[in-house]
Amino acid sequence: MACSSTYIDFDRCNLIPFSLSTLSPSLSSSLSKTLTLNRLSSPNSLIFGDSTRSFRILRTTYSNHRRTIICLAQSESIGDSTNNEEGLESEAQHKASQLKKRVVFGLGIGVCVGGVVLAGGWVFTVALAAAVFAGAREYFELVRSRGIAAGMTPPPRFVSRVCSVICALMPLVTLYMGQIDVSVTSAAFIVAMTLLLQRGPRFAQLSSAMFGLFYCGYLPCFWVKLRCGLVAPALNTKVGAVWPVLLGGQAQWTVGLVATLISFSSIIAADTYAFVGGKAFGKTPLTNISPKKTWEGALAGLGGCIATSVILSKVLSWPKSVLSAVAFGFLNYFGSLFGDLLESMIKRDAGVKDSGSLIPGHGGILDRVDSYMFTGALAYSFVKILLPLNGV
């Protein structure tokens, strides 16, 4: 069953030929003849079609001066039900295959990310830089897409590519220099001058490029500052006492590693609980930015995120107080939710479902890391500023 909206002109209830371009491809391709009026059971239930398929008008809005009906038409198959059963079976198999692919690649990504986080240093930073480069390329492709470009002037392609490279270099500079502020300012100045010196510069080009540097380059650098910059040993962590010397021993378990593991795990738990809770209990839409998100799913995600943060704080003996662990989970959740909604807004304006197709079953890299964009900065600020204020 498929639904589509269209405009149908009537002249005293005689259906005249009209274009099927607004219908879905599967419907328009199946209709080779002009639709004819079958019956009119009520003003809001008109059925018309050919010998193989009919359409029922579910809702109508009349315009008297143009004799136009704006309607929502629902497809109804008239032919043999065997084709419908085969289609449903094929669709179910496709969904099962997609779910299996999503789970397999999700587990693989989780194992790889866990190993990279444990390794830290250049391994963590180079892997993050590669993800940043792929995410930046997807972001600028979204900016150049038909949906967004129809309302603004995107930056030239060569500027987009230069910005992607700059974004990828930012984590490396952060690890090497320990901070990124001067580098970001210099990069922004170079990109701004390049745009201003071209023929016919537009402010939309400058704003989208600057936001790309901030969103795809500057924000991920806080994960480097968190994981690799906070090198104070987590002395109370019992895992460090039994950690193999070949893998770094107890010195491997720093505050930065523990905080990063808890933050990553909390974000994963938030996404998982929100998905399960939304599927099971979701009824109230959270926002029109992402119609599939519900308040019930959001509350389930919040509970799962905080619970994971508290449990891991007990296992890893950091932070010391339960209140600090709850606050850390609360912060991680809202950072992940805001990042998810922001990326959904960008994709909605671009008119696409996924930011790319890099990861089978998951979409693009931005679809997987959107929840981590703002969370790194919030987690780093929490550990660096808020915990010391409470004597932790």
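**Annotated spans, a buried lysine and salt bridges**

The place of Lys-225 is in helix α8, residues 221–229. The model is a predicted one. Lys-225 is buried but has no salt bridge; Asp-181, the nearest side chain of opposite charge, is 6.5 Å away. Apart from neighbours within four places in sequence, Lys-225 is in contact with Thr-174, Gly-178, Gln-179, Leu-230 and Tyr-380.

An unreviewed UniProt entry lists several stretches under "transmembrane region", including residues 103–136, 176–197 and 209–235. Residues 103–136 are 97% helix and 0% strand, with end C-alpha atoms 25 Å apart. For residues 176–197 the figures are 82% helix and 0% strand, with 32 Å between the end C-alpha atoms. Phe-189, Ile-190, Met-193, Leu-196 and Leu-197 make a nonpolar surface patch of about 540 Å². Of these, Leu-196 lies in helix α6, residues 181–196.

By the rule used, there are five salt bridges. One of them joins Arg-157 and Glu-141 at 3.3 Å, N to O. Arg-157 lies in helix α5 and Glu-141 in helix α3, so the pair ties together parts 16 residues apart in sequence. Arg-157 is partly exposed at 37% relative accessibility, and Glu-141 is partly exposed at 39%.

Lys-347 and Glu-343 form a salt bridge at 3.6 Å. Because they are four residues apart in helix α12, about one helical turn separates them.

Note on methods: Residues are numbered from 1 along each chain as its sequence is written. This is a predicted model: local features need pLDDT of at least 70, side-chain atom pairs count only at pLDDT 80 or more; totals for chains, interfaces and linings use all residues. Side-chain values use heavy atoms; hydrogens and water are left out. Patches are made of residues with over 30% relative accessible area and no salt bridge: like charges are joined within 9 Å, nonpolar side chains (Val, Leu, Ile, Met, Phe, Trp, Tyr) within 5 Å. Accessible areas come from the Shrake-Rupley method with a 1.4 Å probe; for residues, only the protein chains shown count as cover. A salt bridge is a side-chain nitrogen of Lys or Arg within 4 Å of a carboxyl oxygen of Asp or Glu. Helices (H or I, at least four residues) and strands (E, at least two) are DSSP runs, numbered from the N terminus. UniProt positions are given in the numbering used here, feature names are shortened, and annotations may be inferred rather than shown by experiment. Buried means under 20% relative accessible area, exposed over 50%, partly exposed in between (1.4 Å probe, protein chains only). Lys and Arg count as positive and Asp and Glu as negative; His and the chain ends are not counted. Contact means heavy atoms within 4.5 Å.
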